[in-house]
Amino acid sequence: MAGTLDAPRYHGRWHRPRTSVFWWLESWRYTRFVLRELTSVCVAWTALVLMAYVGAAGLGAEALATFLSWMGAPWLVAWHVVVLAGLVYHSVSWFSLAPSAMVVRVGGRRVPASLIVGGNVAAWVVVSAALLWLAGRA
Amino acid sequence: MSRRVAPLLWLLFSAGGTVAAFFYPALLLIVAFVLPFGYRDGTELSLAGLLQPAVVRGLLVVVVALPLFHWAHRFRYTLYDGLQLKHLAVLIAVLCYGSALASTFVAAYLLFTLP
């Protein structure tokens, strides 16, 4: 820049420290943040699996059986354990952020954060139990 | 343009995050573990009866679509910040929201052409 018209001749070099692409490995807080953001990949994967399931079911019993035998492949089962852990992390972190996203007042008093988180988690458990029960009966 | 769309994208992000938080762990548990390894043959499951009402199909489209937009929004920022790809902003946004939108159409097509 030195010598051009729009910058002072003897201006020092701008100090712009380069951030490493692996900045999120520097501290556990950052790593946790990136892991939380990456749970969206688990969410998208699950959406695709649900679509594939419905698609296979639409093709008939044979296609559905093939699909389910694929789902039993060891590498896919291992991956799904990871995905499930990611989904649970998403749920837990989502619910624990809920009090910052919604401020509930009852009788002019703010409902304590722990109550909002607790209510969400309780609803989550009930919904999950209902879905699993439904799957066992269908 | 982007200033007008941004609130809608954040709304889809948080709606999708909520749907995924409540339903996805159980749904994955069912499709990836209970049905393939269940105590009964998964093929005898009668989805047809369960999915007959149009309301149920519509709800399922929502249950698939909203979390996809949640992913699109969150993953877009993960790429920006995590991999420092700010210069590819437009391309990343188009790919993320575009694939979420395309998948939504596929999901709707699959669900509403079910026998």
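**View 1. Arg74(B) and Glu37(A) join their side chains in a salt bridge.** In this predicted model, the nitrogen-to-oxygen distance of the pair is 3.5 Å. Enjoy this one while you are here: across the interface of chain A and chain B, the rule finds 1 salt bridge.

**View 2. Four helices of chain A each give two or more residues to the side that touches chain B.** They are H1 (28-59), H2 (61-71), H3 (74-101) and H4 (113-137). H1(A) supplies the largest share, 19 residues. By residue class, this side of chain A divides into 36 nonpolar, 14 polar and 3 charged residues.

**View 3. His90(A), a residue of helix H3 of chain A, reaches across to Gly17(B).** Its side chain comes to 2.9 Å from the backbone oxygen of Gly17(B). His90(A) counts as buried because its relative accessible area is 1%, under the 20% cut-off. Beyond its neighbours within four places in sequence, His90(A) is in contact with Thr39(A) and Val43(A), and with Gly17(B), Ala20(B), Ala21(B), His70(B) and Arg74(B). Look out for Arg74(B) here, the salt-bridge partner of Glu37(A).

**View 4. Stepping back, 53 residues of chain A are in contact with 47 residues of chain B.** Together the two chains bury about 4,500 Å² between them. Carbon and sulfur atoms account for 78% of that buried area.

How values were computed:
Residues are numbered from 1 along each chain as its sequence is written. Chains are lettered from A and ligands numbered from 1 in the order in which they are written. This is a predicted model: local features need pLDDT of at least 70, side-chain atom pairs count only at pLDDT 80 or more; totals for chains, interfaces and linings use all residues. Side-chain values use heavy atoms; hydrogens and water are left out. Contact means heavy atoms within 4.5 Å. Buried area is the accessible area (1.4 Å probe) that two parts lose on being put together, summed over both. A salt bridge is a side-chain nitrogen of Lys or Arg within 4 Å of a carboxyl oxygen of Asp or Glu. Ala, Val, Leu, Ile, Met, Phe, Trp, Tyr, Cys and Pro count as nonpolar, Asp, Glu, Lys and Arg as charged, and the others, Gly among them, as polar. Buried means under 20% relative accessible area, exposed over 50%, partly exposed in between (1.4 Å probe, protein chains only). A polar contact is a pair of N or O atoms within 3.5 Å; within protein, one must be able to donate a hydrogen and the other to accept it, and residues adjacent in sequence count only if both atoms are side-chain atoms.
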